[in-house]
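Colleague: I am new to reading protein models, and I would like to go through one slowly with you. Could we take the overall form before we turn to single residues?

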Amino acid sequence: AGKKRGIVIKDDWPGYGLDLFTYPEHYHDDIDSVYIPHGVVMNRTERLARYIVDDFVDDDIMVLCVLKGGYKFCADLMECIKVLGCNSNKYLETRVEFIRLKSYLNDQSTEDLHIIGSRDLSFLLGKSVLIVEAIVDTGKTMKTLRKHVETFQPKMVKVAGLLVKRAPNMDENLTDYVGFEIPNRFVVGYALDYNEYFRDLNHICVISKSGKQKYKV
Ligand code: 5GP
């Protein structure tokens, strides 16, 4: 269960008060609370790395990092996998490739998904693939990406998602390694953006009403 649902954050979790942590001052009015502190994200990432090292029987994996939101999680996860390897005798050789997808405008998911960059993934043939994504919301993006990746006939495909939003009919099989299961709220920070803002915030935070207004396009 710890792999599939992750740490479950309840609907009534208000987050921590902003004054309990440090954060870039320019976001003072733009966030309501620290939803998941950076340190907790890091500790959970370490645990996910352990699940992955235990599950991948091959000695090499192809990591597919979903940009831009996934870059921090991917970098930290790969670092943890490397450290685990150095401290045991199971060293996973990891290679990383980047893929960019865009489906959001403001805080709304749009129907059309665009794959930008690295469209030809033929190097995945016969490989064990780990897709690394920061957040899975409706799951549309991940479903589309998974299908796309599978057309290149990898040996196996697993998905690591730092955050998965809870929904009534969510597909629990879409994400193999879940960091946190969260309520349906729009979160920013740790490379997750709102119209390109908030990537420079370490903690995962809930955007405020005025923040949404201020950075709307
Ligand atoms: P899905 O296709 O699962 O509905 O949407 C997944 C994508 O939507 C993610 O890759 C991410 O770009 C974006 N997204 C969904 N929820 C959030 C959120 O709460 N905050 C941010 N910053 N992006 C989100």
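Modeller: Let us begin with the overall form, keeping in mind that this is a predicted model. A compact globule of 217 residues would have a radius of gyration near 17 Å, and because the protein has 17 Å, the two agree. Taken along the principal axes, the box filled by the C-alpha atoms is roughly 50 × 40 × 30 Å.

Colleague: How many helices and strands are there in the protein, and what pattern does the protein follow along the sequence?

Modeller: The protein has four helices and 10 strands, and reading along the sequence gives β-β-α-β-α-β-β-β-α-β-β-β-β-α.

Colleague: What share of the residues is buried, and what part of the contacts comes from residues 24 or more positions apart?

Modeller: A residue is called buried when its relative accessible area is under 20%, and here 47% of the 217 residues are buried. Among contacts with a separation of 6 or more, 69% are between residues 24 or more positions apart.

Colleague: Which residues of helix α3 are buried?

Modeller: In α3, which spans residues 140-150, the buried residues are M142, L145, R146, H148 and V149. They cover an arc of only 165° around the axis, and therefore they lie on the same side of α3.

Colleague: I would also like to learn how to read backbone angles. Which peptide bond is cis?

Modeller: The general idea is that most peptide bonds are trans and that most residues other than glycine have a negative phi. In this model, the bond from L67 to K68 is cis, with omega near -10°, and K68 is placed in the loop between β3 (60-67) and α2 (71-86).

Colleague: Where does Q153 lie, and is Q153 buried or exposed?

Modeller: Q153 lies in the loop between α3 and β7 (156-165), and its phi is positive, about 50°, although Q153 is not a glycine. With a relative accessible area of 56%, Q153 is exposed. E196 is another residue other than glycine with a positive phi, near 80°, and E196 sits in the loop between β9 (187-188) and β10 (204-207). The relative accessible area of E196 is 36%, so E196 counts as partly exposed.

Colleague: Could we look at single residues and their neighbours? Which residues does P37 touch, leaving out those up to four places away in sequence?

Modeller: P37 lies in the loop between β2 (31-36) and α1 (38-55), and because its relative accessibility is 10%, P37 counts as buried. Leaving out residues up to four places away in sequence, P37 touches Y16, F21 and H203. G15 is 22 residues from P37 in sequence, while their C-alpha atoms are 9.1 Å apart in space.

Colleague: What is the relative accessibility of A160, and which residues does A160 touch?

Modeller: A160 is placed in strand β7, and at 0% relative accessibility A160 counts as buried. Beyond four places in sequence, A160 touches F73, L77, L130, I131, V132, E133, T175 and Y177. For T175, which is 15 residues from A160 in sequence, the distance from C-alpha to C-alpha is 6.1 Å.

Colleague: How far apart are the mean positions of the positive and negative charges?

Modeller: The protein has 30 positive and 31 negative charges, and the mean positions of the two groups are 3 Å apart.

Definitions and conventions. Residues are numbered from 1 along each chain as its sequence is written. This is a predicted model: local features need pLDDT of at least 70, side-chain atom pairs count only at pLDDT 80 or more; totals for chains, interfaces and linings use all residues. Side-chain values use heavy atoms; hydrogens and water are left out. Helices (H or I, at least four residues) and strands (E, at least two) are DSSP runs, numbered from the N terminus. The radius of gyration is taken over C-alpha atoms; the globule rule is 2.2 Å times the number of residues to the power 0.38. Buried means under 20% relative accessible area, exposed over 50%, partly exposed in between (1.4 Å probe, protein chains only). Contact means heavy atoms within 4.5 Å. Lys and Arg count as positive and Asp and Glu as negative; His and the chain ends are not counted. The place of a charge is taken as NZ of Lys, CZ of Arg, CG of Asp or CD of Glu. The arc is that of the directions from the helix axis to the C-beta atoms.
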